[in-house]
Amino acid sequence: MTDTNPQAALFGALAKAQSEMKNAPLNKINPHFKSKYADLASIRDTVMPSLTKNGISVMQMPMIDDAGNNVLVTALSHSSGGTIQSQTPICADTSKAQPYGSALTYARRYGLAAMCCISSDEDDDGNAAQAAAPQVITAKQSKDIVELIDKKGVDPEVFMKYFGVSTLSELPQSKFAKAIESLNKKDDV
């Protein structure tokens, strides 16, 4: 008796394909971050032979999701009919071809690597994501600033504009001491 479940056939074929795959060679250097990465061609060269050998095709389609966001849908489909897919955001100004094309290629790289469970970048142990999000002030520090703003009679909107934030909760930890110092220099009302 043969298995007629298309999803089971896909998952079995994908498991075999993944057992044959290695991580994509890091063949490019990002000049901005000085880090190595695998370009789209390197990722395709790494995964396509194993996928096609096991009856799996890849489709990548830019679409607009239900919320109106530009996304790339990456689908793996097996010859038995089973399909799995995932969405990767396309983060770019879609009114300009060059930024959109670059973001689309970026989404294709990450979407395909993720679906095949291979690595395509140097492992920085999450440091880039951590560095991208600056630490903000704590709730207590925010309360201290609010109390000083009230005590000194400072316009909160002017204060936030001066520090480049739209709410106090966005104030970076690195600017807290300067904020307190600035408020303390104001004459009491």
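In these legends, a residue is called buried when its relative accessible area is under 20%, exposed when it is over 50%, and partly exposed in between, with a 1.4 Å probe and protein chains only. The model shown here is predicted, so to speak of a local feature takes a pLDDT of at least 70 and to count a side-chain atom pair takes pLDDT 80 or more, while totals for chains, interfaces and linings use all residues. Residues are numbered from 1 along each chain as its sequence is written, and side-chain values use heavy atoms, with hydrogens and water left out. Helices (H or I, at least four residues) and strands (E, at least two) are DSSP runs, numbered from the N terminus.

**View 1. Helix α5 from end to end.** Helix α5 takes in residues 139-152, which makes 14 residues. From its first C-alpha to its last, α5 reaches 20 Å, close to the 20 Å expected at 1.5 Å a residue; the expected span is 1.5 Å times one less than the number of residues. With 39% relative accessibility, T138 counts as partly exposed. T138 and N184 are 46 residues apart in sequence, and their C-alpha atoms are 19 Å apart in space.

**View 2. The two sides of α5.** Buried in this helix are Q141, S142, I145, L148, I149 and K152. Because they cover an arc of only 125 degrees around the axis, these residues lie on the same side of α5; the arc is that of the directions from the helix axis to the C-beta atoms.

View 3. The structure holds 4 salt bridges, a salt bridge being a side-chain nitrogen of Lys or Arg within 4 Å of a carboxyl oxygen of Asp or Glu. One of them joins K140 to D144, with the closest N and O atoms 3.1 Å apart. K140 and D144 are 4 residues apart in α5, so about one helical turn separates them. K140 counts as exposed at 56% relative accessibility, and D144 is partly exposed with 25%. Another salt bridge pairs E147 with K143, where the closest N and O atoms are 3.7 Å apart. E147 and K143 are likewise 4 residues apart in the helix, which means about one helical turn between them. Here E147 is partly exposed at 44% relative accessibility, whereas K143 is exposed with a relative accessible area of 53%.

View 4. The side chains of K53 and E20 meet in a salt bridge at 3.3 Å, N to O. K53 belongs to helix α2 (residues 40-53) and E20 to helix α1 (residues 6-20), so the pair ties together parts that are 33 residues apart in sequence. K53 counts as exposed at 62% relative accessibility, and E20 as partly exposed at 32%. While you are at helix α2, look for S42, which is found there too. At 8% relative accessibility, S42 counts as buried. S42 touches A24, P25 and N27, leaving aside residues up to four places away in sequence.

**View 5. The sheet of β3, β4 and β5.** Here 3 strands form an open sheet in the order β3-β4-β5, with antiparallel pairing; two strands pair if DSSP finds at least two bridges between them. Strands β3 (56-64) and β5 (83-89) stand at the edges with a single partner strand each, so one side of each has no neighbour in the sheet. On average, neighbouring strands of this sheet are turned by 20 degrees against each other, direction ignored; the axes are lines fitted to C-alpha atoms, for helices over the stretch in contact, and angles run from 0 to 180 degrees between N-to-C directions.

View 6. Strand β3 pairs with β4 (residues 70-78) in the antiparallel sense over 9 bridges. You can follow the pairing at M63, which stands opposite V71 in β4, and at S57, whose bridge partner in β4 is S77. Together β3 and β4 form a hairpin with 5 residues between them. In its turn, G68 has a positive phi of about 85 degrees.

Methods:
Contact means heavy atoms within 4.5 Å.
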